[in-house]
Amino acid sequence: KNAYQDEYGYVYGYLDLNKDKTIGLIAHMDTAPSFIGGCTDPLFVKNYNGSNITLKSGDVLTKKEFPILNDLIGDDLLFTDGYHLLGGDDKAGIVIIFEFIKYLLSNKNSSNYNISICFTIDEEIGRGPDKFDIKKMNADIAYTLDGESIYEANYENFNAASATIDFYGVNVHPGNAKDIMVNSILAAISFNNLLPNNMIPSKTSDYEGFIHLEEFKGDVNKTTLKYILRDHDEQLLENKKEMLIKAKEQVLEEYKGLKINLIIKDDYKNMGPYFIKHREALELINKAYLNSKIKIKYTPIRGGTDGATITYMGLPCPNLGVGDFSPHGKFEFVSISQMKKMVEILKNLAKN
Ligand SMILES: [Zn+2]
C-alpha cells in the first residue's frame, strides 16, 4: 500500500503513522557492472569459526587478505559461489529496510516517525540521484543504507573533479625531425612527472586526497590524459586543480610548438560541511546506537555517495552500514548477523 514505481524506475513507499516528522530510508536496486551478477548458489557459513573460506570456485578468502573476517567470528556469513557477485551492495540495504517495515506494520506504535522509503537505480554508474525526487520522498531526514560494516557510518565524502588534457604534437619523419618534431607522448609523460608522485590512490588513505591518472592514450600527434581529482577538503581540491594548470604551463614552456587543451570539471561535493551546522540526522544515529548498546564510528568515505547529492538537494542524508563486505567482485560477502543488528538499530532510530 502507498508504494509505486515512478516513470524513471525509482520505487517510493510511504508508511504514514500520523507523526509530525518523517524519516526516509534509501537503498539502491542496481548492482555493480564490474562483475557478473546472478549468484544463485551462494555459500552459507553458520557461526563463522575464523578459518579460511574456500569458495565453490576454489578461490580462497584468507584473513590476511580480508582482515575484516577477524571481526566477524561467530557471525552467520553468506559468500558468493566464486563466479558471480553476491549483489549485497545494495540488496542487503533493501532486505534490511523490508525487515524493518515488516516489523513496523505489526508494531505501529513503536515509531515516533512516519517512514518513507526509496529504492533507487543507477547508483553504481554514478547516476543514482539524477531523477531522485525529494518531494516524492517527502522526508525530513534520510539515510542511505549502502555502507560496509554496521559499526561505521558516514557523513563525509570526497569533493570530486575530473580533468581531460589533450596534448597536440607535431609529427614529421623521424629521420628529418631535428628541431621540428614535437612528440605529444613525451610531453604527456613530462606533464604527469610534474605531479607529486605520492599523491595517488595507492599511496593515500583516510583524509588524504589524490590525483589519479585513469587513462593514457596517444601517439606522436595527439595524446590524451584523463585524471580524477579527489579531496575531502575543498581548498585542497582547488590546489590540485592548480597543480594541473601549473604543470600545463611548464610543459608548454619546455616543448615549443606543443598545444595543450585542459578541461577541468567538478563532479560532486563533500556533504561533511553541511553536517557541521545541521546535527539532527547524526544525533538520531548516535541515540539509536547508544540505545542498541553498539559503538558507532564515523569514517570519511573515500568516494562519493548518493546521499551527498541528496543532501545538497535539501534532504540531509548520511550513510549507514549494511554488513556487506568487499563488494564489486567474487569475494563479496555479507554478515547476516550484522544485517539483523541493523534492523534492530533502525527500530531504535524510529523510537528516538
Ligand atoms: Zn552500493
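Modeller: What follows is a description of the cavity space and its lining.
The model is predicted, so local features need pLDDT of at least 70 and side-chain atom pairs count only at pLDDT 80 or more, while totals for chains, interfaces and linings use all residues. Residues are numbered from 1 along each chain as its sequence is written, and side-chain values use heavy atoms, with hydrogens and water left out.
The rule finds 1 cavity of 30 Å³ or more (a set of points, on a 1 Å grid over the protein atoms alone, where a 1.4 Å probe fits but cannot get out). The largest cavity holds about 70 Å³ of space (the space filled by probe spheres set on the points, which are joined across faces, edges and corners).
Its lining consists of Ile26, Ala27, His28, Asp90, Thr120, Glu123, Thr144, Asp146, Thr305 and Asp306 (lining residues have an atom within 4 Å of a point). Two elements give two or more residues to this lining: strand S3 (22-28) and strand S9 (141-147) (strands are DSSP runs of E, at least two residues, numbered from the N terminus). S3 makes the biggest contribution, with 3 residues.
By class, the lining has 4 charged, 4 polar and 2 nonpolar residues (Asp, Glu, Lys and Arg count as charged; Ala, Val, Leu, Ile, Met, Phe, Trp, Tyr, Cys and Pro as nonpolar; the others, Gly among them, as polar).

Technical notes:
1 Å grid on protein atoms, 1.4 Å probe; cavity = no way out; pocket = protein on both sides within 12 Å on 5 of 7 lines; lining within 4 Å. Helix = DSSP H or I, 4+ residues; strand = E, 2+ residues; numbered from the N terminus.
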